[in-house]
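Q: I am new to this structure and want to learn how to read it. Can we go through it feature by feature?

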Amino acid sequence: MLSSALVGTTSYPVRSGRTAKRDEFEEIFNRFEIPLLQYTQRITGDREQARDVVQETFVKFQRNGALRQQDEPATWLFTVCRNAALNVCRKERRIMYLGEEVIEVRQSEQPMPFDQLQQDEATGFLLRIVATLPVRQQEVIQLKFQNDLSYQQIAEILQTTTNNVGVLLHTALKSLRQRYAQVAGDFIPFEPKPK
Amino acid sequence: MNVDDPKLTAYALHELDESERSAIARATADSPEAQRFIAEIEDLARALRSQYRLELKRGLIAPEKITAIHGDTFWSKVGPLTIAALLAILAVVGAVLLSSNESRISTSSSLSGDLTTQHAQPNQFAPVEAEDAARPSQNEKFEADAGPYAFTGERPFVSVMSRPRSSVPLMVNSHSYSDVRRSINAGLLPPRQSVRIEEMINHFPYEYPQPTANESSSLNLDVVTCPWHPTHRLVRIGLNAQQAIAVRADSGIEVEFNPKRVASYRLIGYDRQETETQDSNEKNVSSHSMAAGYTLTTFYEVVPLKRVPPASHSRTLSVAESASEPLLTAKLQLKTRGNETTVGLTQRTVSDTGFDFAIAPSDLKFAAAVAEFGMILRDSEYKGSGSLQEVLEWAQQGKGADVNGYRADFIELVRKAQVLKKS
């Protein structure tokens, strides 16, 4: 199986097409590598495992020719990464399957203690507040605002309904707003509202 | 209108279809509170998007990138290997078949002498990584990005994702060992560039099985713990060629790594020379006679993909799985002039069964000692945790019968180097 893919005898004529495909793959790789690593690490709680999962996802992506079948590879990539990451967790028996809220019961993924926030107001202050939310809310926030996915796409990835995605995002944004207001007393709001 | 309604958030995020959208617009028309909520969600969304963008742009990222971990800066700069590019290079090649049964030599050790006198200038290596030839300009850029360090020419770890294949030239010079030996015996540590690890390794004879009846050569693959970097694996490729033919200088062993098992790999030795030009591949027109009994020993240091420890109930299954999933496939490709295709093809696949270096064959231990000795002399950034003392121990463990005393001589040389290093 390993070698079958590389046996061939033709030379130049194939090159342009293949190169184009490789370029496309590279573009996708560059675009999604870090978001997928962040996303996966949030689930596995382990950087090494996240790296393995993401790498294997890209291998699958290439092998399955997912590039041709889908215009928007994001849903596929995040779905496969998420499932693989959950499998890793399950194999290690670090989580119990309690339906929807499965990820939130993971012990190694405690959200950042909220009161630590104020010590660390450098870049991405909002993102640091995001890190204090329940993991599932963090997931939807990242998928929505980092990767510009629609409710529908997020629902596919999380294997849930668009309604539920709407509720998760709504709840997440509300908490974000409140927590921001709470800690940002001394900070300049992201956009002051004229009364 | 209740502001605690997910529909409002969906509205602010443009997730509603047209009819729902206008319904919300009507319902919120006379609710300043709802309008304010929507505006805040929009602001929040904008701020989040911009912070994520900034984070990605500045690389303010918690997890290390795959490429960074593997030290393979090629991925981002050069991009993946195109199969076609490799084929294009191979297609340039012609070949000659000279049968020379009369020159059949039965010992492997005498062969390297023949080769050094006949051929093989250092820059006549076959394309070790096909992409080097395919994209010279980016490759130069990569070298330029190597940082403040002087040019070392060392081959870096290469991500399997970016380049699953690598090739090893068949013909190896053996000048280097005598240079190193002369230098150390004269009381000087050898200059870095005179240390060519693949030449040092192949100065010594190794025993590999005879080829089977229908093959011209035997390819032997072993995987053990890498002694100078215990979380890595050390792959030895051993060739024993029994057919005496003249092969093109760009004949080689092509190795394909399995991305399901290997994160990155590094070919040990074969350092690039500063004077080595990118078009050197096109100069590979000479041929070398490969005498019967020719042996070649090459190492790859491999970073395995970390495996998830299997749950206890699936243990047996996972052992079976790992045995069935190979680490790499190696193919011997002999090319002769006038013959477009490969004349002799020997192929082997190896899985990693977890062998420790302690139980490695003595030839492997000895060759690994020579490799690490070379890396220490070069002050290689990949020398890992090994020391000259360990080199000595591995060489002694791997001394074997040593009928001609070469290995004893090496052990003596390491001792002398130890003294020189201390002084």
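Q: Where in chain B does B:Asp356 lie?
A: This is a predicted model. B:Asp356 sits in the loop that runs between β11 (344-350) and α13 of chain B.

Q: Is B:Asp356 buried or exposed?
A: Count the neighbours. B:Asp356 has 10 other C-beta atoms within 10 Å, so B:Asp356 is exposed.

Q: Which residues does B:Asp356 touch, leaving aside those up to four places away in sequence?
A: B:Asp356 touches B:Val224 and B:Thr225. Take B:Thr225: it is 131 residues from B:Asp356 along the chain, yet the two C-alpha atoms are separated by 4.9 Å.

Q: What share of chain B contacts join residues at least 24 apart, among those between residues at least 6 apart in sequence?
A: The share is 83%.

Q: How many helices and strands does chain B have?
A: Chain B has 15 helices and 11 strands. Of its 423 residues, 46% count as buried.

Q: How do I read a sheet?
A: Start with the pairing. Strands of a sheet pair through backbone hydrogen bonds, either parallel or antiparallel. Then write down the order. In chain B, 5 strands form an open sheet in the order β1-β7-β9-β4-β3, and the pairing is antiparallel.

Q: Which strands are at the edges of that sheet?
A: They are β1 (158-159) and β3 (217-225) of chain B. Each of these edge strands pairs on one side only.

Q: How many bridges join β1(B) to β7(B)?
A: 2 bridges join β1(B) to strand β7 (residues 262-267) of chain B, and the two strands run antiparallel.

Q: How do I judge whether a strand is enclosed?
A: Check its residues for burial. A residue is buried if 20 or more other C-beta atoms lie within 10 Å of its own. In strand β2 (residues 165-169) of chain B, 5 of the 5 residues are buried, so β2(B) is largely enclosed by the rest of the structure.

Q: Which way do the residues of β2(B) point?
A: B:Arg165, B:Ser167 and B:Pro169 point one way. B:Ser166 and B:Val168 point the other way. All are buried.

Q: Which strand pairs with β2(B) over 5 bridges?
A: It is strand β6 (residues 252-257) of chain B, in the antiparallel sense. Here B:Val168 stands opposite B:Ile253 of β6(B).

Q: Now chain A. At what angle do α4(A) and α7(A) pack?
A: Compare the axes of the two helices. Helix α4 (residues 73-91) of chain A and helix α7 (residues 151-158) of chain A pack at about 25°, with axes 8 Å apart. Angles under 35 degrees count as roughly parallel. The two helices are therefore roughly parallel to each other. Their crossing is right-handed.

Q: Which residues meet there?
A: From α4(A) come A:Ala74, A:Thr75, A:Phe78, A:Thr79 and A:Arg82. They meet A:Gln153, A:Glu156 and A:Ile157 in α7(A). The contact residues divide into 3 nonpolar, 3 polar and 2 charged.

Q: How much of α7(A) is buried?
A: 6 of the 8 residues of α7(A) are buried, so α7(A) is largely enclosed by the rest of the structure. Those buried are A:Tyr151, A:Gln153, A:Ile154, A:Ala155, A:Ile157 and A:Leu158.

Q: How do α2(A) and α4(A) pack?
A: Helix α2 (residues 47-63) of chain A packs on α4(A) at an angle of about 135°, with their axes 9 Å apart. They are therefore oblique to each other. This crossing is right-handed.

Q: What classes of residue make up the contact of α2(A) with α4(A)?
A: Residues including A:Val53 and A:Phe61 in α2(A) meet residues including A:Leu77 and A:Val88 in α4(A). By class, the contact has 10 nonpolar, 2 polar and 2 charged residues.

Q: Which residue just after α7(A) takes a positive phi?
A: A:Gln159 does, at about 55°.

Q: Where does A:Asp148 lie?
A: A:Asp148 is in the loop between α6 (135-146) and α7 of chain A. Its phi is near 55°, a positive value in a residue other than glycine. A:Asp148 is exposed, with 12 other C-beta atoms within 10 Å.

Terms used
Residues are numbered from 1 along each chain as its sequence is written. Chains are lettered from A and ligands numbered from 1 in the order in which they are written. This is a predicted model: local features need pLDDT of at least 70, side-chain atom pairs count only at pLDDT 80 or more; totals for chains, interfaces and linings use all residues. Axes are lines fitted to C-alpha atoms, for helices over the stretch in contact, and angles run from 0 to 180 degrees between N-to-C directions. Helices (H or I, at least four residues) and strands (E, at least two) are DSSP runs, numbered from the N terminus. Angles under 35 degrees count as roughly parallel, over 145 as roughly antiparallel, 65 to 115 as roughly perpendicular and the rest as oblique. A crossing is left-handed if the near helix is turned anticlockwise from the far one by less than a right angle, and right-handed if clockwise. Two residues are in contact if their C-beta atoms, placed from the backbone, lie within 7 Å. Ala, Val, Leu, Ile, Met, Phe, Trp, Tyr, Cys and Pro count as nonpolar, Asp, Glu, Lys and Arg as charged, and the others, Gly among them, as polar. Two strands pair if DSSP finds at least two bridges between them.
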